[in-house]
Amino acid sequence: MARLARFYLGERLEPRQWLGVAVSIFGVLLVVTSGRLATLRLDELRPGDFIVLASLIAWSTYTVYGMRVLGTLSPAVATTGAYVAGTLLILPTALVAAPFYPSPRLHSLVAWAVVGYQGVLGAVAHVWWYRAVQVVGPSRSAIFLNLQPIVGVALAGTLLRESIGLWQILGVASVLAGVGLTTRRSRSRR
């Protein structure tokens, strides 16, 4: 996202911030690979890995372009527009794919809770995201996406009772250090 913001918006990161981006990405890789960075091979990649990569590119484009949109629209209006456009784009696919999946369980409280959670809290999160992009720019906001594996590790340990090992702890520390380096203001801006 930082490279796209540099190209499209002319946004610049200081060398310390680039170091923070690298340290944070390294931490994410430690968590995801359980410290097997040296043995990670291309033949271990799966189709889902490429889908995630494509989604990250799409999210980066959405965020960087959104910075321009925020010049004329509020974060709430921009988020509403994105949700409406996204719904209109995904609706034809959903209609075509619906016969291949089981009927929805409309009587399920859990299903409605998930819909409510995503509809309300997801929308609020997107409004806050765009507000962060508006205030500090896409590159500095993007570094916080690296906190997602930390949340995943915490939820895996708490909800699934999975063990948290040394690599996860080192990865979390690296992500937090990278976020700190990237978001800390330089002395010249204070």
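Biologist: Which backbone nitrogen does the side chain of Ser 108 reach?
Modeller: Keep in mind that this is a predicted model. In it, the side chain of Ser 108 reaches the backbone nitrogen of Ala 111, at 3.1 Å.

Biologist: And where does Ser 108 lie?
Modeller: In the loop between helix H4 (75-97) and helix H5 (109-136).

Biologist: Is Ser 108 buried or exposed?
Modeller: Ser 108 has a relative accessible area of 16%, and buried means under 20%, so Ser 108 counts as buried.

Biologist: OK, new topic: pockets. What volume does the second largest pocket have?
Modeller: About 210 Å³.

Biologist: Which helices each supply at least two residues of its lining?
Modeller: Helix H3 (47-69), H4 and H5 each do that for the second largest pocket. The largest share comes from H4, with five residues.

Biologist: Which residues line the second largest pocket, then?
Modeller: Among them are Trp 59, Tyr 62, Tyr 83, Ile 90, Gln 118 and His 126.

Biologist: How do the lining residues divide into nonpolar, polar and charged?
Modeller: Five are nonpolar, four are polar and none is charged.

Biologist: Last one: what's the phi of Arg 161?
Modeller: Near 60 degrees, which is a positive value in a residue other than glycine. Arg 161 is in the loop between helix H7 (148-159) and helix H8 (166-183).

Biologist: Why does Arg 161 count as exposed?
Modeller: Because its relative accessibility is 68%, and exposed means over 50%.

How values were computed. Residues numbered from 1 in each chain as written. Predicted model: local features only at pLDDT ≥ 70, side-chain atom pairs only at ≥ 80, totals over all residues. Heavy atoms only, no water. Helix = DSSP H or I, 4+ residues; strand = E, 2+ residues; numbered from the N terminus. Buried < 20%, exposed > 50% of the residue type's maximum accessible area, 1.4 Å probe, protein only. Polar contact = N/O pair within 3.5 Å; in protein donor to acceptor, adjacent residues only side chain to side chain. 1 Å grid on protein atoms, 1.4 Å probe; cavity = no way out; pocket = protein on both sides within 12 Å on 5 of 7 lines; lining within 4 Å. Points joined across faces, edges and corners; volume = space filled by probe spheres on them. Nonpolar A, V, L, I, M, F, W, Y, C, P; charged D, E, K, R; others polar.
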